[in-house]
Amino acid sequence: MGLLDRGLEIKDRDQIRLMRRAGLVVGETLELLRSSVRAGISTAELDAIAEDNIRSSGAVPSFKGYHGFPGSICASVNDEVVHGIPGERVLAEGDVISIDCGAIVEGWHGDAATTVAVGEVPAEVTALSEVTRQAMWCGIAAARLGGRVTDISHAIETHVRASGDYGILEDYVGHGIGSAMHQPPNVPNYGRPGRGPRLVEGLALAVEPMITLGGKDTDVLEDDWTVVTSDGSWAAHHEHSFTLTPQGAWVLTALDGGEAELTALGVPFGPLAD
């Protein structure tokens with residue numbers, strides 16, 4: 001297990017490499033799900049595809065059984081922001097689905113999410129998803145060894161605020177990740193820079209902006225899991241898990257390690273050698 005430093009789990013390089021293995025399973029599963037999303041498929045069918053791929057890759061779903069959660073993915077449709085339970089709901093043309101996925105390899109976790117349109121969706125929904133995705137990458141790009149956690153938060157908020165009148169969820173945030181799926185520190189999607197724990201080598205974080213077309217307020221449905229917007233506005237959710245090395249950022253759940261996006265943002269790409 002990683003060493004604890006002021007409550008934060010600091011991984012050694014071999015443990016980070018195991019997290020990369022878990023992250024690749026997550027990234028590959030999300031790509032498979034993205035290609036599987038279509039009108040007429042149920043969220044339960046997507047869940048079955050995910051679980052089969054995770055297990056056939058030699059990993060274990062992080063989500064299944066987590067505090068009693070019944071699925072291997074979270075499947076949140078339209079005004080559902082996060083934690084949607086996969087089930088009988090059938091996707092229709094014009095829906096948008098946010099899929100959150102986690103996998104464990106030898107005790108180490110990967111966690112990522114993406115929002116996928118079902119066929120043609122309104123332009124404002126496409127823009128919402130893209131702003132959310134870009135905000136996630138801006139947050140990762142703002143991370144530097146010796147910096148602070150809220151440098152990430154500030155970069156996310158700055159991008160979202162500059163892009164339009166969107167709601168940024170405050171009650172649900174990113175998090176540390178490692179030998180458990182959710183660990184300190186919290187990584188808010190808003191706030192002033194220069195606050196929170198220092199970013200050090202061996203710390204891994206999941207960055208996950210959750211953005212709406214309306215307000216920031218949410219409610220939880222009677223299933224005690226599904227989070228919906230209070231005003232019924234649609235939402236998007238994108239997430240990656242990453243770490244920092246002396247060479248730069250390494251996105252553990254991106255298939256290319258984040259090289260393309262980080263390079264485009266002018267940020268050093270810093271994978272560990274195998």
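Two strands count as paired if DSSP finds at least two bridges between them. Helices (H or I, at least four residues) and strands (E, at least two) are DSSP runs, numbered from the N terminus. The model toured here is predicted: local features need pLDDT of at least 70, side-chain atom pairs count only at pLDDT 80 or more, and totals for chains, interfaces and linings use all residues. Residues are numbered from 1 along each chain as its sequence is written, and side-chain values use heavy atoms, with hydrogens and water left out.

**Stop 1**

**Stop 2: a helix pair**

Select residues 13–36 (α1) and 43–56 (α2). These helices pack at an angle of about 150°, with their axes 10 Å apart. Here axes are lines fitted to C-alpha atoms, for helices over the stretch in contact, and angles run from 0 to 180 degrees between N-to-C directions.

**Stop 3: the nonpolar cores**

A nonpolar core is a set of buried Ala, Val, Leu, Ile, Met, Phe, Trp, Tyr and Cys residues joined through side-chain atoms within 4.5 Å, where buried means under 20% relative accessible area (1.4 Å probe, protein chains only). The largest such core has 30 residues, of which Ile140, Ile152, Val160, Leu199 and Phe242 touch the most other members. Elements that each supply at least two of its residues include α3 (123–141), α4 (149–163) and β16 (240–245). The largest share, seven residues, comes from α3. For a second, separate core of 23 residues, select among others Ala75, Val77, Ile99 and Ala103.

**Stop 4**

Return to Phe242. Beyond its neighbours within four places in sequence, Phe242 contacts residues including Ile140, Ile152, Leu205 and Trp250. Next, select β16 and β17, which form a hairpin with two residues between them. These strands pair in the antiparallel sense over four bridges, and the bridge partner of Phe242 in β17 is Val251.

Key: Buried < 20%, exposed > 50% of the residue type's maximum accessible area, 1.4 Å probe, protein only. Contact = heavy atoms within 4.5 Å.
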